[in-house]
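Please look through the sequence and the model before reading on.

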Amino acid sequence: MSDSTQQITVPREVRLASRPVGWPTQEDFNLVTSEIAELADGEIRVRNEVMSVDPYMRGRMSDAKSYAAPYELDEAMTGAAVGVVEESRSDKVSVGDHVLHGLGWREVAVMPADEARVVDTSVASASAYLGMLGMTGLTAYAGLTRIAQIKEGDVVFVSGAAGAVGSMVGQIAKALGASRVIGSAGSADKVAHVVDDLGFDAAFNYKDGPVAPQLKEAAPEGIDIYFDNVGGEHLEAAIGALREGGRIAICGAISVYNNTEPAPARATWPA
Ligand SMILES: NC(=O)c1ccc[n+]([C@@H]2O[C@H](COP(=O)([O-])OP(=O)(O)OC[C@H]3O[C@@H](n4cnc5c(N)ncnc54)[C@H](OP(=O)(O)O)[C@@H]3O)[C@@H](O)[C@H]2O)c1
């Protein structure tokens, strides 16, 4: 996104040029200039400052049936963003307000004021409303409390532990009384970050070797909750490590989002 002090006269937006097959490439996207539309009554014009790039967007680039509508080709993509209001024809939102809304992937967005929510950037940064105070924080909290029904003393394992959701899961689990929180991540730096900065009890790098033995070492007595962000091998290993009464919150399966064939859904149970 552009420097927030810079006045944009010719804003740009990112459009989906083609539906990626496997891993997306730069050719699947176009960066184009767009017109600044005149405001109708009740509308606001927002200069975006931060936007969120989320794994669910990969699903929307495909036209397969899903819970969210596919992105249209040759149209600006959408997604959560926070920006500052530059012009308002609404009584509800004033020039200078920061708003959270769904028209990311563009420098300037025009929308009905009812589709934006004013946020207070004096108490938290604009990006916090896209993370811990936004969709990913809510996902972590709801997954742990409503789906996995965390209780004091649980041993919790979370994959994608350094990601937006996973990093919140580990910290919320500790705050709710988990006896041990274990994370997996894809680099030594991320492993150090979740333990040293976020307070996880243990973590391992899933790229160092198979997940099951590394999980067994971190949780020799097994786990009560698995919060799944990645699916695949992690899910198999976690099923094998579950104690009696264990629960799994299936939040996402990022390890298979670029697959062109369905991933096998097998499970390895302990012998
Ligand atoms: N159900 C819902 O309402 C909901 C809402 C939000 C998110 N989600 C899901 O939650 C998951 C995490 O989302 P997020 O917003 O936290 O995304 P994020 O911040 O982009 O984090 C995703 C993490 O996934 C890891 N990853 C990528 N490829 C992987 C692979 N092949 N195997 C293992 N890990 C891999 C990456 O970490 P490493 O570098 O450590 O590999 C990355 O940090 C996604 O599956 C997403 O779809 C679900």
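V118 is found in strand β7, which spans residues 117-119; helices (H or I, at least four residues) and strands (E, at least two) are DSSP runs, numbered from the N terminus. This is a predicted model, in which local features need pLDDT of at least 70 and side-chain atom pairs count only at pLDDT 80 or more, while totals for chains, interfaces and linings use all residues. Residues are numbered from 1 along each chain as its sequence is written, and side-chain values use heavy atoms, with hydrogens and water left out.

At 41% relative accessibility, V118 counts as partly exposed. Buried means under 20% relative accessible area, exposed means over 50%, and partly exposed is in between, with a 1.4 Å probe and protein chains only. Leaving aside neighbours within four places in sequence, V118 is in contact with V93, D97, H98 and V99, where contact means heavy atoms within 4.5 Å. From V118 to G199 the separation is 81 residues in sequence and 32 Å in space, C-alpha to C-alpha.

The chain has 6 helices and 12 strands. Its C-alpha atoms fill a box of roughly 65 × 40 × 30 Å, taken along the principal axes. Of the 271 residues in the chain, 43% are buried. Among contacts between residues at least 6 apart in sequence, 59% join residues at least 24 apart. The accessible surface of the chain is about 14400 Å², and carbon and sulfur atoms account for 52% of that; such areas come from the Shrake-Rupley method with a 1.4 Å probe, and for residues only the protein chains shown count as cover.

Two helices show how buried residues can be arranged. An α-helix has 3.6 residues a turn, so residues three or four places apart point the same way. In helix α2, residues 135-147, the buried residues are T136, G137, A140, G143 and L144. Seen down the axis of α2, these residues fall within an arc of 140 degrees, so they line one face of the helix; the arc is that of the directions from the helix axis to the C-beta atoms. L138, R146 and I147 are exposed on the face of α2 turned away from the buried side. The buried residues of α2 pack against β8 (155-158), α3 (164-175), β11 (223-228) and β12 (242-250). After α2 comes Q149, whose phi is positive, near 50 degrees.

Helix α5, residues 211-218, has V211, Q214, L215 and A218 as its buried residues. Down the axis of α5 they fall within an arc of 100 degrees, so they too line one face of the helix. K216 and E217 are exposed on the face of α5 turned away from its buried side. The cover over the buried residues of α5 includes β8, β9 (180-185), β10 (202-205), β11 and α6 (232-241).

Strand β10 also holds N205, which counts as buried because its relative accessibility is 11%. The side chain of N205 reaches the backbone nitrogen of K207 at 2.8 Å. Beyond neighbours within four places in sequence, N205 is in contact with A185, G186, S187, A188, V191 and Q214.

Next come the aromatic rings. Rings of Phe, Tyr and Trp (its six-membered ring) pair if their centres lie within 6.5 Å; planes under 30 degrees apart count as stacked, over 60 as edge-to-face and the rest as tilted. The count by this rule is 2 aromatic pairs. The rings of F157 and F204 have centres 5.9 Å apart and planes at 25 degrees, so this pair is stacked. F157 is in strand β8 and F204 in strand β10, 47 residues apart, and the pair links these distant parts of the chain. Both F157 and F204 are buried. The rings of F157 and Y226 are also stacked, because their centres are 5.1 Å apart and their planes at 20 degrees. With F157 in strand β8 and Y226 in strand β11, that pair ties together parts 69 residues apart in sequence. Y226 counts as buried, at 0% relative accessibility.

What surrounds the ligand? There are 19 residues around it, and V165, G186, K190, Y206 and Y257 come nearest; a residue is near a molecule or strand if one of its heavy atoms lies within 4 Å of it. An oxygen atom of the ligand is 2.5 Å from an N or O atom in the side chain of Y206, and a ligand nitrogen atom is 3.1 Å from a polar backbone atom of C251. The protein covers 73% of the 910 Å² of accessible area that the ligand has on its own.

Note on methods:
A polar contact is a pair of N or O atoms within 3.5 Å; within protein, one must be able to donate a hydrogen and the other to accept it, and residues adjacent in sequence count only if both atoms are side-chain atoms.
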